[in-house]
Amino acid sequence: TCQTIRWVGNEQGWAGDTDWCMISPELSDNTKHLNHGSENGTHWIPAEVDVSIRPGWFYHQREDHQVKSLAQLTDIYYRSVGHNANLLLNFPINLDGKIPAIDSLRATEWYRMIVNDFKDNILKNAEVRVDNERGSKFKAENVIDDDWDTYWATDDDYNFGTISFSFDKAVKMNRVVLQEYIPLGQRVKDFYMEGELNGKWFKINPLDTLTTIGYKRIVRFNTVELDKLIIYFEDSRGPLCINNIEAYCAPILLTEPTISRNYDNIVTINFSDNDAEVYYTIDGSAPDENSLRYDKPFIHNNKGVVKAISYDPNSKKKSEVAIKELDLPKEYYQTSSNNKIFDGNTNSVIYLDINEPIIITFKEEHNISGFRYTPNQARDASRHIVDYEIYIDEKLVKKSSFGNIKNNPIEQIVKFENIKGREVKFVPKSNTDNTKNCGIAEFSIITER
């Protein structure tokens, strides 16, 4: 009997690969026991996954650009609901007492994405076979009949088993949904899957480990083509009681890639779906499926522009173009500052005292036309620079401030007329919290050829 809900133990939005929805009250003070459940628990108590659509639980205008992406929310769904847990998504209310428009739109996109992922059940008309069947009432076909109160069961002392699905022609899939008949308890402890195509067998490699199932387990894997799917239930707490199995070929999630270059000039392109193909250019031209294909990080030790897209070879659709302007790399200058501000990671931060400068000295003169400053992007970040001065060869070039940076702490790009020089000195003069030091995640100088 479900008496309560137990917290899964983190605010990241996921349940562990192994999640038993049973605990024993006498062990309720054991954190690990509560977080992952207990195989031999006496009470059915499902896990609750709590996560906010924003970095924090309350509304802050400064987090408007940090609403979780479609890719992040989709991953959360698969690692919570898909890991036998309940998902509770927090929506901070803004100062008008409403859910902010960007949060609402993102949630709507997410809903549509999940619906689309589970649109067409591939197993609906498959031929089903098993190696053991308790009787006609508990036949294999029960797992695809859309009836919650029917299920496939094995004989007593048969705590394992296999089930296969055969198709008239080859199909593609990348999701498998499994559900146990929970009124009879959570049982499965270990399973794996294989596919067959034209008589050749291959193991299906999931994105995480395959252990428990419970009320619902959604297994993700890179798209495979097969004409037969077989699931091996290796171990169970008792005879198998499986009431539903489905399979889908979810569309590729085509989100705009992210591009970064670290201090060692290694460019990394991150994208949201392993099935997507990513193409890029380094000459400023628009990328397409005929451009360079990204398969691993690469070195780019020059000034330039990297552009990238995610591409679906099946639908021929592509994402918006990601653009990253890269200025002169480390070979061209020396600096007084910690290299973290050139590492391409907006969550690695250095702190400078007020009036403590960043000094960048080029090996030769360049046409300098501006700079980029990115504040700390971590949750509850503070001490963003407000007022600043910038000097070129000890001459004051600009004295200004970043307007509304407290509520909009995104990358700040400041441009001015070309000035030829070798040494750039950036001096923070105040910050958003009136403290003695300022946080800097990324900093770079803009030069012209």
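Modeller: The answers below treat a helix, the cores, a sheet and the aromatic pairs in turn. This is a predicted model, in which local features need pLDDT of at least 70, side-chain atom pairs count only at pLDDT 80 or more, and totals for chains, interfaces and linings use all residues. Residues are numbered from 1 along each chain as its sequence is written, and side-chain values use heavy atoms, with hydrogens and water left out.

Biologist: Which residues of H3 are buried?

Modeller: Asp103, Arg106, Ala107, Trp110, Met113, Ile114 and Asp117 are buried in H3, where buried means under 20% relative accessible area and exposed over 50%, with a 1.4 Å probe and protein chains only. They lie on the same side of H3, because they cover an arc of only 120 degrees around the axis, taken from the directions from the axis to the C-beta atoms.

Biologist: What is exposed on the other side of H3?

Modeller: Ala101, Leu105, Tyr111 and Arg112 are exposed there.

Biologist: And what covers the buried residues of H3?

Modeller: The cover includes helix H2 (70-80) and the strands S5 (85-90), S8 (161-180) and S12 (241-248). Helices (H or I, at least four residues) and strands (E, at least two) are DSSP runs, numbered from the N terminus.

Biologist: Which residues touch the most other members in the largest nonpolar core?

Modeller: Phe165, Met173, Val176, Leu229, Ile231, Phe233 and Ile245 do, out of 32 residues. Such a core is a set of buried Ala, Val, Leu, Ile, Met, Phe, Trp, Tyr and Cys residues joined through side-chain atoms within 4.5 Å. A second, separate core has 27 residues, including Ile360, Tyr388, Ile405 and Cys438.

Biologist: Changing topic: in what order do the strands of the open sheet run?

Modeller: The order is S13-S14-S17, with antiparallel pairing; strands pair if DSSP finds at least two bridges between them. S13 (258-261) and S17 (298-299) are the edge strands.

Biologist: How many aromatic pairs are there in the whole structure?

Modeller: The search finds 27. Rings of Phe, Tyr and Trp (its six-membered ring) pair if their centres lie within 6.5 Å; planes under 30 degrees apart count as stacked, over 60 as edge-to-face and the rest as tilted. Tyr151 and Tyr181 are stacked, at 4.4 Å centre to centre and 15 degrees between the planes.

Biologist: Are those two tyrosines buried or exposed?

Modeller: Both Tyr151 and Tyr181 are buried.

Key. Contact = heavy atoms within 4.5 Å.
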